[in-house]
Amino acid sequence: MSRPPHLDLPPRAQAYALSTERGAFAVHDALPEGATVGTALLLPGFTGSKEDFITLLAPLSEAGFRVVAVDGRGQHESDGPADESAYARGELVRDVLAQAAAVGDGRPVHLLGHSLGGLIARSAVLREPAAFASLTLMSAGPGAVAESQQARLRLLTEALAAWEMTEVWRAMQQLDPPEAADAGEPAVVREFLQRRWLATRREQLTGTARQLMTEEDRVAELAEVALPMHVLSGAVDHVWPVPRMDAMAARLGAHRTVIAGAEHSPAVDRPAETARALVAFWHAASPRPGDRAPGAARPSPRTPAS
């Protein structure tokens with residue numbers, strides 16, 4: 001679970017409900033002061049929300065990008081049905097395509113997915129690559145999560161089926177690894193984490209947990225898509241081991257960034273370094289006059305970076 005250090009939006013950001021052909025989604029939308037050089041759509045991970053990217057809004061918008069972080073259906077402040085089938089991957093992908101259309105103004109957007117959001121993002125790219133200018137997989141691996149995480153998710157889905165959400169929340173705190181324990185975070189953040197959990201649909205959590213446990217390796221399929229790709233992670237990750245993400249990046253011919261001092265949530269652990277890596281990649285991936293449209297040609301392999 002990502003734990004944002006604060007909940008304060010920068011001056012040129014606002015929170016509102018983004019209207020799309022798939023319904024309304026709660027977003028944080030940060031605009032640059034001058035001309036917009038591109039638009040980025042940020043998808044949160046399992047148990048997460050748009051607030052997980054709050055530290056990136058200022059540096060990314062200051063670099064000229066419009067940045068839209070979204071709550072997916074059934075996450076935090078975005079409504080969702082009390083029906084697990086509504087959170088099937090195909091439904092979530094259609095949501096992302098509708099969100100991209102709503103913020104892109106007819107132009108491709110830079111798509112970033114964190115953890116579970118990365119799996120949804122790659123499915124969206126496979127479905128409609130021309131909708132996107134690039135794909136960044138942040139702390140997301142090639143297939144199902146590590147075996148230890150699968151065991152935790154099985155326990156969670158069993159608890160969700162049997163207990164009230166408040167009881168599950170208390171149990172989750174006991175299961176958190178030591179590095180996720182409260183380390184003096186503000187009371188407003190602690191209250192937010194519980195509020196976010198209670199606002200998230202039980203069916204969303206159950207359905208997406210099953211996806212994390214059973215995800216197939218689709219890297220070979222994704223490698224056939226002619227789109228600039230970026231695999232970014234911390235130096236340590238307990239959800240997908242870093243060597244798995246290294247190998248995935250090599251198979252994709254993707255740009256690779258490892259953020260020193262960060263773990264599964266680089267945007268929280270090292271926001272400045274994460275923002276710099278994203279800005280550099282997006283500038284390199286942004287189409288220029290005379291460039292082919294996304295999806296028209298396989299890009300050159302990118303050199304790994306650290």
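Biologist: How are α4 and α7 oriented to each other, roughly parallel or antiparallel?

Modeller: One thing to know before we start is that this is a predicted model. Helix α4 (residues 147-162) and helix α7 (residues 202-214) pack at an angle of about 155°, and their axes are 10 Å apart. Angles over 145 degrees count as roughly antiparallel, so α4 and α7 are roughly antiparallel to each other.

Biologist: Is the crossing of α4 and α7 left-handed or right-handed?

Modeller: The crossing in which α4 passes α7 is left-handed. By class, this contact has 6 nonpolar, 3 polar and 2 charged residues.

Biologist: Which residues in α4 and α7 meet?

Modeller: On the α4 side you'll find Gln 150, Leu 153, Arg 154, Thr 157 and Leu 160. They meet Arg 202, Leu 205, Thr 206, Ala 209, Leu 212 and Met 213 in α7.

Biologist: How many residues of α7 are buried?

Modeller: In α7, 10 of the 13 residues are buried, so this helix is largely enclosed by the rest of the structure. Among them are Leu 205, Thr 206, Ala 209, Leu 212 and Met 213, which also take part in the contact with α4. As for its length, α7 reaches 19 Å from its first C-alpha to its last, close to the 18 Å expected at 1.5 Å a residue.

Biologist: Where is Arg 201 found?

Modeller: Arg 201 is in the loop between α6 (187-199) and α7. With 31% relative accessibility, Arg 201 counts as partly exposed.

Biologist: And what is Arg 201 in contact with, leaving aside its neighbours within four places in sequence?

Modeller: Leaving those neighbours aside, Arg 201 is in contact with Gly 74, Asp 79, Gly 80, Pro 81, Ala 82 and Tyr 87. By contrast, the C-alpha atoms of Arg 201 and Phe 132 are separated by 28 Å, with the two residues 69 apart along the chain.

Biologist: What about Ser 115, is it buried or exposed?

Modeller: Ser 115 is buried, at a relative accessible area of 7%. Its phi is positive too, at about 55°. You can find Ser 115 in the loop between β5 (109-114) and α3 (116-127).

Biologist: Now for α2. What span should its 16 residues have?

Modeller: At 1.5 Å a residue, the 16 residues of α2 should span 22 Å, and the end C-alpha atoms are 22 Å apart, which agrees. Just after α2, Asp 105 takes a positive phi of about 50°.

Biologist: Which residues in α2 are buried?

Modeller: Quite a list, including Leu 92, Val 93, Asp 95, Val 96 and Leu 97. Asp 95 has a relative accessible area of 2%. Anything under 20% counts as buried, which is why Asp 95 is called buried.

Biologist: What is Asp 95 in contact with, apart from its neighbours within four places in sequence?

Modeller: Apart from those neighbours, Asp 95 is in contact with Arg 22, Phe 25 and Arg 73.

Notes. Residues numbered from 1 in each chain as written. Predicted model: local features only at pLDDT ≥ 70, side-chain atom pairs only at ≥ 80, totals over all residues. Heavy atoms only, no water. Buried < 20%, exposed > 50% of the residue type's maximum accessible area, 1.4 Å probe, protein only. Contact = heavy atoms within 4.5 Å. Helix = DSSP H or I, 4+ residues; strand = E, 2+ residues; numbered from the N terminus. Expected span 1.5 Å × (residues − 1). Axes fitted to C-alpha atoms, helices over the stretch in contact; angles between N-to-C directions. Parallel < 35°, antiparallel > 145°, perpendicular 65-115°, else oblique. Left-handed = near helix turned anticlockwise from the far one by under 90°. Nonpolar A, V, L, I, M, F, W, Y, C, P; charged D, E, K, R; others polar.
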